[in-house]
Amino acid sequence: SGPSESNAGGASEAGQAAVEGEDLGNADALFHRAAHHSVGQGVPQNLKEAARLLHLAAERGHVGAQAAFGVCCSFGTGVLQDHVEAVRWLRLAAEQGDVAAQCCLGDCYYEGTGVPQDNQAAARYYRLAARQRHADAQCSLGRCFAEGRGRPHDDDEAVRLYCKAADQGNARAQRLLAICYSKGKGVLKNEKEAAR
């Protein structure tokens, strides 16, 4: 049988199911439909529609949508940029254990974006995400230790965290680890390791 009228625009079967889910208030379907719109999978790419669907799913309690909508607000992707609103959604997701939201919220506190700058809060959120093996969070927490921001200055702990993130392929951690080797911070100075 041929495509239905509602599917004639090229939407995939999964995308069509998501459209039907929107009518039912299904947060998972809304989240997946937003993903389709964000990359143009089975539907024309439409960042505004993706953000709208993420917002609907986030309001229905979808943790991934809360985190993703927070990022949309932070960068102004499909919505007006609003750092305070970004923090609100990121916090909701972070408090429910969303690792990406925890790391992003750590960044907000570290930089003072949407919230007053707070090194202790930044380190707390980075630590939550780092415990879940989030490489960016491990690297950022390492930076907190290296700079003594929100954690006591500890080059050894910074290197330990950089190593964990670098082992996962995190380029920033690899660069910071190379600097540690070249300067002998937290490790013995080793130009060969620094050049690796």
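**Notebook: helices, cores and a pocket**

I began with contacts along the chain. Taking contacts in the protein between residues at least 6 apart in sequence, I found that 40% join residues at least 24 apart. I note that this is a predicted model.

**Entry 1: overall make-up.** I looked up the secondary structure. It comes to 11 helices and zero strands. Read from the N terminus, the elements run α-α-α-α-α-α-α-α-α-α-α. Next I checked burial. The protein has 196 residues, and buried ones make up 41% of them. I also looked up the surface. The protein exposes about 10300 Å², and carbon and sulfur atoms supply 50% of that area.

**Entry 2: the cores.** Which residues of the largest nonpolar core touch the most other members? I found L105, Y109, Y126 and L141, out of 35 residues in this core. At least two residues come from each of α5 (83-95), α6 (99-111), α7 (119-130), α8 (135-147), α9 (155-167) and α10 (171-183). The largest share, seven residues, is from α7.

Y126 is then in contact with C103, G106, D107, Y110, A137, S140, L141, R143 and C144.

**Entry 3: a pocket.** I turned to the second largest pocket. Its volume is about 150 Å³. I listed the lining: R127, A130, R131, R133, Q138, L141, R160, L161, K164 and D167. L141 is one of the residues named for the core as well. Which helix gives the most to this lining? I found α9, with four residues. At least two lining residues come from each of α7, α8 and α9. I sorted the lining by class.

**Entry 4: K185.** Where does K185 lie? I located K185 in the loop between α10 and α11 (191-195). Is K185 buried or partly exposed? K185 counts as partly exposed because its relative accessibility is 40%, and that class runs between 20% and 50%.

I checked what K185 meets beyond its neighbours within four places in sequence. K185 is in contact with D155, V159 and C180. I also looked up a spacing. K185 and A158 are 27 residues apart along the chain, and their C-alpha atoms are separated by 9.1 Å.

Technical notes:
Residues numbered from 1 in each chain as written. Predicted model: local features only at pLDDT ≥ 70, side-chain atom pairs only at ≥ 80, totals over all residues. Heavy atoms only, no water. Core = buried A, V, L, I, M, F, W, Y, C linked by side-chain atoms within 4.5 Å. Buried < 20%, exposed > 50% of the residue type's maximum accessible area, 1.4 Å probe, protein only. Contact = heavy atoms within 4.5 Å. Areas by Shrake-Rupley, 256 points an atom, 1.4 Å probe, with all protein chains shown as cover. 1 Å grid on protein atoms, 1.4 Å probe; cavity = no way out; pocket = protein on both sides within 12 Å on 5 of 7 lines; lining within 4 Å. Points joined across faces, edges and corners; volume = space filled by probe spheres on them.
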